[in-house]
Amino acid sequence: MTEPTKTLCPYCGVGCGLEVLPPAQPGKAVNRDSQGNPLWQVRGDRSHPSSKGKICVKGGTVAESLDKDRLKYPMLRDSLDDPFRQVSWDEAFNKIVTRIREVKATQGVEAICMYGSGQFQTEDYYLAQKLLKGCLGTNNFDANSRLCMSSAVAGYIQSFGSDGPPCCYDDLEETDCAFLIGTNTAECHPIVFNRLRIHHKKNRKVKMIVVDPRRTKTAEAADLHLPIKPGTDIDLLNGIAYLLMRWSNLDTLFIDECTQGFSEYAQIIQHYPPELVARRCGIRIDRLEEAARYWAESERVLSMWSMGVNQSSEGTAKVRTIINLHLMTGNIGKPGAGPFSLTGQPNAMGGREAGGLAHILPGYRLVKNSQHRAQVERLWKLPEGSISSHPGKDAWSMITGLETGEVGLLWVAATNPAVSMPDLVRTKKALLKSPFTIYQDAYFPTETAAYAHVLLPAAQWGEKTGTMTNSERVVTLCPQFRQRPGVAKADWEIFAEVGRRLGYEKEFDFANSAEVYREFVKLTKNRPCDMSGLSYQKLAKTPLQWPYPDNEIIDTSKKGDRDNGLFSSLFSDKKDSNSSGEPKRLYTKGEFNTADKRAKFAAFHSKGLAEPLDAAYPLVLTIGRLYEHWHTMTRTGRIEKINKMQPQPFIEIHPNDAEKSGIEAEATVEVRSRRGCGRFVAKITKAIAPGTVFVPMHWGALWADAAEANSMTHPEACPISLQPELKACAVNIAPVKNETEAFAEQPQPIRALLEVKESVSV
């Protein structure tokens, strides 16, 4: 029998291990889809340390999308009004290099921008940073991680001195209390949730708290569900802290020895008594007190959050306020405890390690730090001052830069901003103004392709070899197991070829992805995310967790605890070691990556939602993911089984709000914000809090009519992380009386692409 290829699921950041077998195997019939295409066989990898053989429906059906609607050849057009024509790679590269040189000469290098993706492998991310930030000298690389994880990044850096979730998945089976806030883990990270759910069911003393305005499948499993009003997360968290302090449930030893800034924080939380917090959050006082008691009575509290916290104008403040609760109770650095951000994409973690946001550099470095810039310049063998000292344009600044003409060239790769960006009507108008857009993707058509001048066919899952890092810092090698369609290239190969043609032959002299990875891990040496001991050879045997320095075996006795053993009873790493000898959990010694080795408390008052409600827009619209679909459906929209499970978008409305608006179940509802509108089928349910409505974010213009959730959202963002508040905006709702009535028309490029899609078999 053919040996399966071990790889990683290309969806969420859980990092489920997969085993893949080719369609044809001795003695077995070939599985085919409804169109007769042979299907690769996918199953869970029982040996993978993170997922232990489990996969969700997306992972189980991923092979069905491999050969559907693929972009196989470079395409080019002079204007958005022209049709695409197939060209050679040589012509496409020449066009790109010529335009880069022209924009650099006429507008300067700051007019060049790239918008990447957590779908990249680490090698792709890394060479994009070297090309833009090193060789071209602009930090204008941002990724769609800006829309999902940048608040978590900022929170970790400010509280601990470094990015990186301190927990591991084993904590799911060791915690006494799981505190889930802003995450529908059961649907968005199902394998993580299944591990937690099994532990919760087996141990009656283990408690689960879920904070969410919707009664999701996650909330249904909880001991306590707190359906707080959107925008009141900090009120709730400070209210829990108020009660913990009033009850003297503090780890004063940890606070005194391992943290800084508690007194300022203590002054802030005095303003959050339970009566006030319960009223603001819209919950009962006894429920608030019950949540605080669970924290107080548990030795090990594990908090988990995702987009519901991060996608907020207070995103960083929320993350830091969650971390505050862990610091004040000493719930970090030990089994079953810690603040655990659940990563949204398969390699958003790897992107952060490689420097894949506009303000960071490889190895968890910051572009504002002169020493960090100098270190990277030396390792890249570039002249001093090659790397710019100021952060580049974040994702939304690229959109506004198109509006003002500051951006002369936009390069988009492996993401679909014509669906996923906020204030979508404005975003589309800005994309129409782009003088030159390069779009690099595996599928065609997609909504963003409508705004491109050049299309580059990219190899996707299973068609290139590279690495990915999941939420618990486990790095997995993902080998190529199938041929690429047409002349598709790996993303890193495209970046390297453009670099060489721009004159940087030595800087991009890589024969394969293993050489790229070998150079990348050198930049992590002696950094918090040290992976200098990793290689393809080691990862081919098993996935490995960082830190993994090149000396492999760590003598922990030489580290020297600040307390001379004071915390030896509190922090034990005897059972918490990966194969390098380093603890699975970070901060097990009570020391952090700050100058004084202390974690930092942060004192924040709640500010609420960025967009207030009023009589004209009395409801809060929140958007999110569903179990079946993924992001903007460029892959899952082409999988028959998934489309049968979740065929159309919808809106969840509480019965009280439906009655006020005269809306009946299954009726078509028009949702309007101050920016745009959409139409959705009504699902009337008590599972959503009154005053709040929910719409899934997946459907773009190519998959449904007038169902783009981000047509309503606004671009107001966290001032620290620059992550937009995609989770909440003010809307009104009304029944659609005449469904044939004309709706807001899509831009001409989208209409043209709809015609292309109709001619393509999906």
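1. Cys9, Tyr11, Cys12, Val14, Gly15, Cys16, Cys56, Lys58, Pro190 and Ile191 line the second largest cavity. A cavity here is a set of points, on a 1 Å grid over the protein atoms alone, where a 1.4 Å probe fits but cannot get out; lining residues have an atom within 4 Å of a point. The volume is about 70 Å³, taken as the space filled by probe spheres set on the points, with points joined across faces, edges and corners. The structure holds five cavities of 30 Å³ or more.

2. A note on the source. This is a predicted model: local features need pLDDT of at least 70 and side-chain atom pairs pLDDT 80 or more, while totals for chains, interfaces and linings use all residues. Residues are numbered from 1 along each chain as its sequence is written, and side-chain values use heavy atoms, without hydrogens and water.

3. The lining of the second largest cavity divides into eight nonpolar residues, one polar and one charged. Ala, Val, Leu, Ile, Met, Phe, Trp, Tyr, Cys and Pro count as nonpolar, Asp, Glu, Lys and Arg as charged, and the others, Gly among them, as polar.

4. There are zero disulfides in the structure; the test is a pair of cysteine sulfur atoms within 2.5 Å. Cys16 has its closest cysteine sulfur in Cys9, at 5.8 Å, too far for a bond. Cys16 is buried at 6% relative accessible area (buried is under 20%, exposed over 50%, partly exposed in between; 1.4 Å probe, protein chains only). Cys281 is buried too, at 0%.

5. The whole structure has 39 salt bridges, each a side-chain nitrogen of Lys or Arg within 4 Å of a carboxyl oxygen of Asp or Glu. One pairs Glu652 with Arg214, with the closest N and O atoms 3.0 Å apart. Glu652 is in strand 24 and Arg214 in the loop between strand 9 and helix 7, so the pair ties together parts 438 residues apart in sequence. Helices (H or I, at least four residues) and strands (E, at least two) are DSSP runs, numbered from the N terminus. Glu652 is buried at 8%, and Arg214 at 9%.

6. Asp233 and Lys318 form a salt bridge at 3.1 Å, N to O. Asp233 sits in helix 8 and Lys318 in helix 14, 85 residues apart. Asp233 is buried at 7%, Lys318 at 4%.

7. Glu611 and Arg674 also meet in a salt bridge, at 3.1 Å. Glu611 is buried at 9%, whereas Arg674 is partly exposed at 36%.

Key:
1 Å grid on protein atoms, 1.4 Å probe; cavity = no way out; pocket = protein on both sides within 12 Å on 5 of 7 lines; lining within 4 Å.
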